[in-house]
Amino acid sequence: MWSSERLRNVFYQIALLLLIGTLAGYAIHNLVHNLESRAITIGFSYFGQEAGFDISEKLIDYDPTHSYGRAFGVGLLNTLLVSFLAIIAASLIGLAIGIGRLSPNWLLRKLAGGYVESVRNVPLILQLLLWYGVLTELLPPVAEAHRFASIYLSQRGCTLPWPVAHAGWWAALLGLLAALACSLFWARRARRIRDRAGHAPRVLWPSLAACLLLPLAGWAAFGAPSEFSVPLISGFDFEGGKTVSPEFIALFIGLSTYTAAFIAEIVRGGILAVGRGQTDAAEALGLSRSQRLRLVILPQALRVMIPPLTSQYLNLTKNSSLAVAIGYPDLVSISNTTLNQTGQAIEAIALMMGVYLTISLAISGLMNWYNHRVRLVER
Amino acid sequence: MNSHATARRPASERSRDWLRQNLFSSPANTLTTLLVLTLLAWLAGRFFSWAVLNAVWGQASVATCNALMGQGACWAVVADKWQQMLFGIYPQAEQWRPALAVLVFCSILVLSAMRACWRVRRLLVLWVGGSLLCAWLMAGGLGLTPVPTALWGGLPITLMLAVFGTLFAFPLGILLALGRRSSLPILRAASISYIELVRGVPLITVLFMASIMFALFLPEGVSFDKLLRAQVAIILFNAAYLAEVVRAGLQALPRGQYEAADALGLGYWQTQLLVVLPQALKITIPAQVNSFIDNFKDTSLVIIVSIFDFLYAVRQAVISDLDWRHYFVEGYLFAMAVYWLFCYTMSHYSQWLEQHLSRDQRN
Amino acid sequence: MPITKNIARSLAALTLGVTAGTALAGPTLDAINKRGTLVCGVHTGLTGFSAPDRNGKYAGIDVDYCKALAAAILGSPDKVKYVPLTAQQRFTALQSGEIDLLSRNTTWNSKRDTTMGSVFPGVWFFDGQAFVVNSKKNPKVRKLADLNKASVCVETGTTTERNLADYARANKLTFKPVVFEGQEATEKAFQSGRCDAYTTDSSGIAAMLVNLPSRADYTVLPEIISKEPLGPMLRRNDQEFFAIMRWMIFALQQAEESGVTQANVLQMKAESKDPTIQRLTGASGEVGKGLGLDADWAVRAIQAVGNYGESYDRNIKPLGLTRGMNALWNKGGLMYPMPLD
């Protein structure tokens with residue numbers, strides 16, 4: 001009896017495998033036949049060919065003589081950049097609104113609730129189109145740019161002064177990273193000392209000092225550059241400085257405000273999930289509202305929040321592909337151009353999907369690892 | 001006791017208490033109230049004067065709107081183009097048909113929200129019958145002038161993509177969820193790969209795949225309608241998300257249910273169909289509604305593969321007409337209002353349902 | 001029972017969605033005849049070439065070409081199913097057999113003619129890439145060199161993007177391309193001032209300007225930076241359909257050269273003593289038979305859309321474009337129909 005059921009299971013699985021195999025085989029057979037009968041060439045050799053088109057926003061050196069492969073890299077970096085910044089912004093806005101939804105102040109509570117309800121119930125792509133339309137329509141042309149100190153706001157985007165490349169700046173950046181690493185290390189150390197000795201050394205002030213002093217030291221050690229490239233209007237555009245395009249701004253605002261509405265709900269749910277007794281206990285200890293939030297509730301809420309937060313971060317990254325609707329040169333936009341110029345549709349789309357899949361798996365892997373760690377602390 | 005005391009006091013006193021408790025309980029609270037009030041007054045005031053006071057309402061010429069110099073909204077663009085926005089390029093004389101189809105779709109949604117209809121057979125009759133009715137209204141035949149799918153557009157398409165996208169994704173999602181929890185390793189691996197693969201990529205790439213490269217995998221001579229390919233892509237995409245919703249329901253069931261079914265001598269399918277699924281599906285109804293809302297919003301992405309859904313029709317109506325092009329904000333706000341109305345109603349329904357069902361369970 | 005047949009077909013289309021087999025193993029022509037409709041891939045909306053009106057009827061010079069083919073092959077210009085396609089979708093739609101032919105202002109170049117499973121039977125419209133600027137905002141721009149360092153709006157998925165980069169490189173200029181999906185979005189961005197200039201085929205610029213209330217504010221720059229021979233496309237390895245498509249172009253142009261019009265084509269067939277006209281209208285010779293069609297193929301096509309000049313005047317002239325390169329060879333243009341014999 002038992003063995004016959006086992007046999008049946010094996011049989012079912014083999015049948016399933018055969019079915020999948022047949023379907024895949026059939027599709028590939030059709031593909032090969034279609035490609036052959038129409039003499040369509042296939043393969044990734046186009047990756048090395050000269051791309052021949054320019055990209056307006058790039059984090060790495062690129063011009064039309066570079067290869068399609070490099071253009072793809074430019075698009076990928078643009079996707080990562082906007083996703084990364086929007087994730088940070090969405091988390092902060094979402095946290096603020098989530099806490100606002102539980103505020104003792106009725107007006108603030110309703111305002112936060114209204115924000116969530118209105119943003120969450122409208123498709124993101126429509127919001128992006130509107131943001132972008134409004135930005136390009138309302139901002140003045142370059143010659144009449146709004147000016148705040150040396151920062152200009154115009155139809156070309158936001159133009160800011162930017163330090164001229166110099167070893168000193170890189171050293172300062174390195175210093176900042178080192179300071180952050182040290183602070184993190186010190187915070188963990190402090191916790192261990194507290195567990196052992198009962199009282200923790202100060203963490204906040206030394207960390208802040210390190211974050212200020214280390215970059216300064218790096219900057220000074222490498223010649224203390226003070227040269228900034230200041231934007232000036234010349235002809236069609238600004239000369240010098242750094243320009244953040246309206247496409248980027250619209251995408252950034254759209255992605256972060258949209259995702260923030262979902263994060264706010266997660267934050268709210270997380271806080272509510274922390275038992276009422278915790279709040280009462282904290283109150284009895286004489287902690288203020290902000291202390292209660294920071295020291296008692298949020299750390300516990302975080303554990304509940306991490307899985308849904310992960311999926312929101314993933315959603316945001318995937319949603320950044322809507323950039324194509326408003327002209328930001330992200331991964332999808334560059335792949336589209338490549339697809340058109342080379343006609344390699346299958347390769348371009350497969351690559352695009354592969355990259356998003358990798359990013360998704362990487363982020364969820366990372367968050368699972370973090371989740372695991374946070375949970376270990378609890379036990 | 002406390003509430004008794006409050007109820008007996010005069011209304012003015014009660015509202016003063018409420019104000020003190022909710023708006024002015026502490027200096028910080030008072031400050032927040034004042035800040036929020038200022039912000040609201042400023043924002044709402046500006047919006048109100050733009051959208052209502054200085055706006056052009058009803059039918060009006062472009063010149064009237066241009067004369068406003070951007071000080072007020074030009075709702076005339078919606079008044080002039082609402083038909084095109086709602087129904088796309090569907091022949092004008094026949095536009096009562098998509099209008100009726102939208103009504104039928106909405107009735108399907110409203111009826112399936114009522115608990116009296118929560119019987120498998122009633123739901124099936126409702127959804128399948130309603131869908132066929134809509135298909136007939138849109139396509140024509142049997143006494144109606146036939147209209148090819150290339151001319152379909154607007155709100156009916158959006159509703160169709162969302163409703164069919166859920167209807168057909170459902171059985172697939174249930175199978176995937178069962179597969180993922182199955183003890184058969186190959187079946188489990190296949191289900192997990194499918195679910196994770198689909199959930200790992202953006203919908204837009206799946207739509208690209210359907211609209212651009214899918215045809216290359218078919219035998220020569222077989223081709224599917226563009227709209228249908230997008231519909232299938234949405235169904236397959238949705239199935240992976242629904243599978244996760246159903247899985248959550250399966251996981252939430254206590255082991256005792258399975259053991260009891262085992263003790264009764266039920267086989268795998270009997271256990272699933274008679275014991276497990278009815279309960280798992282019931283506890284995930286709110287999540288299913290949320291998934292439907294997401295799907296409804298996501299259908300707007302078909303704009304990128306130039307399928308004439310509601311958003312595409314609105315954009316086309318506003319942007320391709322160069323006279324009205326300047327007033328795209330009003331057009332988009334109209335689209336937002338329509339989407340918002342649908343999603344807001346559904347999300348409130350889902351919240352209500354959640355409370356309702358949990359109360360059920362306790363009783 | 002046409003009604004039941006219709007509902008059956010629409011239900012089948014809805015439930016199964018399988019539109020009758022396109023391009024069966026045999027050549028395209030068999031499939032078209034079997035199906036009874038010609039499936040034509042067109043632009044989603046480009047005035048003058050292919051754009052739907054308020055009732056969803058497509059019109060334009062690219063649409064006329066489809067109508068002429070349907071009239072010649074199937075006997076009626078209405079037996080066409082139009083499949084509107086974006087720039088990305090067009091090539092795979094053709095490769096996969098979703099459409100019989102692509103008539104979507106597509107530039108003929110070597111890559112598309114060799115490695116993409118498709119071929120061009122001829123040129124239907126000679127175009128070139130031009131630039132337009134808002135002279136109210138940029139009064140000093142008179143020529144392309146004045147646009148150095150300017151932002152330029154471009155539609156993605158076209159040869160335009162590459163031409164722009166090529167020209168900039170060859171002439172040591174820099175442009176900042178801002179790339180959009182779809183021609184409407186690109187135009188919208190240009191008009192709102194996001195870019196200083198907009199570049200596309202000069203016919204596209206004309207199509208935009210003709211609809212624009214404030215067209216006086218805009219200046220088209222004199223430089224044409226590329227050759228854009230636009231033509232229809234079909235799948236490779238289909239000599240029969242290739243010949244029909246190629247000779248349809250020549251027949252409509254020959255009709256113009258010989259003075260055969262929509263109005264007089266029947267009369268010409270009956271009365272003309274000109275051997276070219278006789279061969280064109282099937283009064284003598286075996287042109288139709290050679291193509292696998294009947295003798296009246298060209299007559300029906302001309303009856304449907306007129307000769308090339310008539311189609312041009314109906315669709316392109318309202319954009320304010322002169323014939324230029326698209327005039328016949330004996331009128332100073334490049335259109336040179338091969339002799340019918």
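Predicted model: local features only at pLDDT ≥ 70, side-chain atom pairs only at ≥ 80, totals over all residues.
For the complex, the predictor reports an ipTM of 0.88 and a pTM of 0.87. The mean pLDDT of chain C is 87, and 91% of its residues score at least 70.

The interface between chains A and B was examined next. In chain B, 43 residues are in contact with 43 residues of chain A. On the chain B side, two or more residues each are given by α3 (27-53), α10 (185-199), α11 (203-213) and α17 (328-362). Of these elements, α17(B) supplies the largest share, ten residues. By residue class, the side of chain B that touches chain A consists of 32 nonpolar, nine polar and two charged residues.

For chain B, the unreviewed UniProt entry annotates "transmembrane region" at residues 24-44, 98-117, 124-145, 157-179, 200-218, 230-250, 301-319 and 331-349. Two of these spans were compared with the model. Residues 24-44 of chain B are 86% helix and 0% strand, with 22 Å between the end C-alpha atoms. Residues 301-319 of chain B are 53% helix, again with 0% strand. The end C-alpha atoms of residues 301-319 of chain B are separated by 18 Å.

The largest nonpolar core comprises 261 residues. The residues with the most contacts inside this core are A:Leu128, B:Leu207, C:Met248 and C:Ala301. Helix α7 of chain A (residues 246-273) contributes 14 residues to the core, the largest share. When residues up to four places away in sequence are left out, C:Met248 touches C:Ala68, C:Leu69, C:Ala72 and C:Ala301. The contact partner C:Ala301 is itself listed among the core residues with the most contacts.

In chain C, strand β10 (residues 150-155) and strand β11 pair in the parallel sense over six bridges. Within this pairing, C:Val154 of chain C has C:Val179 in β11(C) as its bridge partner. Strand β11 of chain C spans residues 175-180, and five of its six residues are buried, so the strand is largely enclosed by the rest of the structure. A residue counts as buried here if 20 or more other C-beta atoms lie within 10 Å of its own. In a regular strand, side chains alternate between the two faces of the sheet.

Technical notes
Residues numbered from 1 in each chain as written. Chains lettered and ligands numbered in written order. Buried ≥ 20, exposed ≤ 12 C-beta atoms within 10 Å, placed from the backbone. Helix = DSSP H or I, 4+ residues; strand = E, 2+ residues; numbered from the N terminus. Pairing = 2+ DSSP bridges. UniProt positions renumbered as here; feature names shortened; annotations may be inferred. Contact = placed C-beta atoms within 7 Å. Nonpolar A, V, L, I, M, F, W, Y, C, P; charged D, E, K, R; others polar. Core = buried A, V, L, I, M, F, W, Y, C linked by C-beta atoms within 7 Å. pLDDT = per-residue confidence, 0-100.
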